[in-house]
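Hi,

Here is the structure I promised to pass on to you. Have a look at it first, and then read on for what turned up.

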Protein chains: 2
Amino acid sequence: MTESYLLGIDVGGTSIKMAIFSNDGDLMEKWSIATNKEKDGEYILEDISVSVKEKWQEMDLQANQFIGAGVGVPGFVDIEHGTIDFAVNIGWRDYPISSILSQHLGLPVVVDNDANLAAAGEYWRGAGVDAEDLILLTLGTGVGGGIIVKGDILHGVAGMAGEIGHVTMIPEAGSPCNCGKSGCLETVASATGMVRMARETIEHNTNSRLYQIWQENGEITTKDIFACAENNDTEAVTIINNAMYYLGLATANIANVLNPEKIVIGGGVSGAGEDLLRPLRFYYDTYALPKVKEHSTFAVAELGNDAGVAGAAWAAKTKAK
Amino acid sequence: MTESYLLGIDVGGTSIKMAIFSNDGDLMEKWSIATNKEKDGEYILEDISVSVKEKWQEMDLQANQFIGAGVGVPGFVDIEHGTIDFAVNIGWRDYPISSILSQHLGLPVVVDNDANLAAAGEYWRGAGVDAEDLILLTLGTGVGGGIIVKGDILHGVAGMAGEIGHVTMIPEAGSPCNCGKSGCLETVASATGMVRMARETIEHNTNSRLYQIWQENGEITTKDIFACAENNDTEAVTIINNAMYYLGLATANIANVLNPEKIVIGGGVSGAGEDLLRPLRFYYDTYALPKVKEHSTFAVAELGNDAGVAGAAWAAKTKAK
């Protein structure tokens with residue numbers, strides 16, 4: 001029997017997503033389990049293999065029908081050795097995922113950073129199909145990034161490439177960032193950054209609609225900000241405009257360096273669609289070189305939460321040996 | 001007889017540099033001819049082939065001993081077809097260099113942008129040997145850039161990748177740039193940019209040493225600025241510091257995206273060596289992510305004007321077919 005299936009695994013801080021794809025990229029099955037973070041995540045790989053084997057039995061599949069498995073992890077990955085240097089949300093440190101999981105499953109296992117694999121997923125089966133040079137930006141609690149160059153993931157010398165969220169946009173007196181620096185793109189263009197800007201706004205302006213929402217709900221979300229902006233609320237429009245100014249400038253600068261064909265925007269905030277893309281494109285067009293601009297288009301990510309497992313399956317397909 | 005030589009050609013606005021390398025990268029011979037820009041450069045390729053054939057005769061070599069030729073051109077290159085879209089300093093537009101020169105020489109000919117090939121040259125035989133992920137920044141009248149990723153030139157979708165000089169560093173009210181935008185890195189970190197800053201300084205400060213130099217010589221050069229800074233001249237130190245602030249910030253931001261092993265500084269200004277690298281490293285270290293910083297080192301370019309022909313020979317070696 002020819003090997004014809006791919007296993008994609010996306011390890012997150014609260015759940016582990018898994019999926020089986022055909023070699024052509026059709027999603028056959030997907031499911032998820034909770035992430036057991038006890039004892040620095042030492043039960044996770046066994047949990048995964050038990051769950052995968054149950055699924056195989058259920059679907060009447062066997063290991064020898066699989067080309068391999070790909071695993072995405074939020075953290076620093078030693079790609080060459082299939083080892084996690086450090087995954088703060090999971091607890092793994094110097095953890096040889098590839099060899100352990102490979103033994104459990106009887107399959108070759110490829111490991112990469114989850115943001116890189118999400119970019120590969122959108123390139124393989126999502127908004128970036130056939131765009132061999134692609135940037136994925138995920139706007140959520142942070143700003144994540146993954147870069148595809150000539151149809152492959154860009155890793156750099158230490159697997160750190162694609163850290164677009166930590167490009168410095170406010171060099172002096174910017175807000176502190178989780179990475180230890182300050183003024184990073186993530187501090188102004190993430191959901192967290194936009195909500196922080198909203199809070200700063202209502203401190204000085206208790207008449208604003210955003211202040212009312214905060215009083216009613218005890219919080220402000222990016223959905224609130226986009227909803228207010230749809231009603232032409234000045235403060236909300238200004239917040240989105242500020243965030244997209246920084247994102248557009250950063251994206252244009254990166255595009256002047258990488259000359260991508262497609263820039264895919266994913267993550268929770270990307271649900272705002274054109275309300276986000278319109279100001280983003282405006283600032284991008286202001287700062288990108290004409291020929292860079294001409295050859296690039298923006299798109300909203302299509303795979304949502306499945307991008308990670310799709311990219312993991314792609315990694316299995318293209319890199320498992 | 002085995003094919004064992006490589007021909008490297010670097011077409012510039014005033015001269016065309018040529019060199020013969022062994023397949024291992026030893027420089028056997030180099031020479032140059034003047035660039036004849038008459039009739040939009042239509043004599044250039046014939047001039048090159050006449051000169052190459054003379055050299056071959058002189059050295060008792062023949063076409064069939066060569067693997068191929070590489071040609072670097074300052075302009076926009078259609079890599080795939082070996083065509084120049086537009087080389088403003090030469091006069092070529094939609095010009096099929098590869099096929100014409102290949103006919104003249106009886107060799108496969110590979111064409112690329114000159115800055116890209118300079119980066120490849122430093123990677124192959126210069127300051128970046130074995131650094132598979134490398135950035136070359138050339139500081140001269142402009143700021144040029146070339147990027148090596150996984151041991152190959154990064155081109156992007158339209159051959160525009162590496163335009164690091166046109167990353168926007170001053171988004172509001174920056175100086176106009178040759179590219180049509182304003183506030184580009186090139187406007188503040190090139191020789192031209194530093195001299196402009198010196199002129200702005202002496203407008204307000206006729207007591208400065210730089211003002212005296214301008215009065216004596218009718219001009220100010222970057223050499224003057226670095227010489228004054230060596231004598232602790234406040235204005236000169238501030239100019240260099242400003243330029244390196246922008247260069248360090250831009251380089252750190254690009255490094256957060258590319259995670260390079262080596263950042264090579266070339267071009268005329270790089271002659272300042274440590275006087276330039278010291279402030280550059282300071283700002284780079286401020287804005288680069290810790291793990292990106294740890295894995296990267298700065299170096300001054302080693303090949304000088306030979307980087308272009310070396311990279312062209314490398315392109316012939318790795319891409320001629």
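Start with B:K150 and A:D152: their side chains meet in a salt bridge, with 3.2 Å from N to O. Please keep in mind that this is a predicted model. How many salt bridges does the rule find across the interface of chain A and chain B? The count there is four. Polar contacts join the two chains as well, with 27 residue pairs between chain A and chain B.

Which parts of chain A supply the side that touches chain B? At least two residues each come from β10 (143-149), β11 (152-153), α9 (234-258), α10 (274-287) and α11 (290-294). Of these, α9(A) gives the most, with seven residues. Sorted by class, this side of chain A holds 23 nonpolar, eleven polar and nine charged residues.

Now for the interface as a whole. In chain A, 43 residues are in contact with 43 residues of chain B. The size of an interface is often given as the accessible area lost when the parts come together. Here the buried area is about 3400 Å², and carbon and sulfur atoms give 62% of that. On the chain A side, A:V157, A:V257 and A:K291 lose the most area to chain B, together 19% of what that side buries.

One last thing to find is a hairpin in chain B, formed by β2(B) and β3(B) with four residues between them. In its turn, B:G25 has a positive phi of about 95°. The strands, residues 15-22 and 27-34, run antiparallel and are joined by seven bridges. B:S15, for example, has B:A34 in β3(B) as its bridge partner.

Enjoy exploring!

Technical notes. Residues numbered from 1 in each chain as written. Chains lettered and ligands numbered in written order. Predicted model: local features only at pLDDT ≥ 70, side-chain atom pairs only at ≥ 80, totals over all residues. Heavy atoms only, no water. Contact = heavy atoms within 4.5 Å. Buried area = accessible area lost by both parts, 1.4 Å probe. Polar contact = N/O pair within 3.5 Å; in protein donor to acceptor, adjacent residues only side chain to side chain. Nonpolar A, V, L, I, M, F, W, Y, C, P; charged D, E, K, R; others polar. Pairing = 2+ DSSP bridges.
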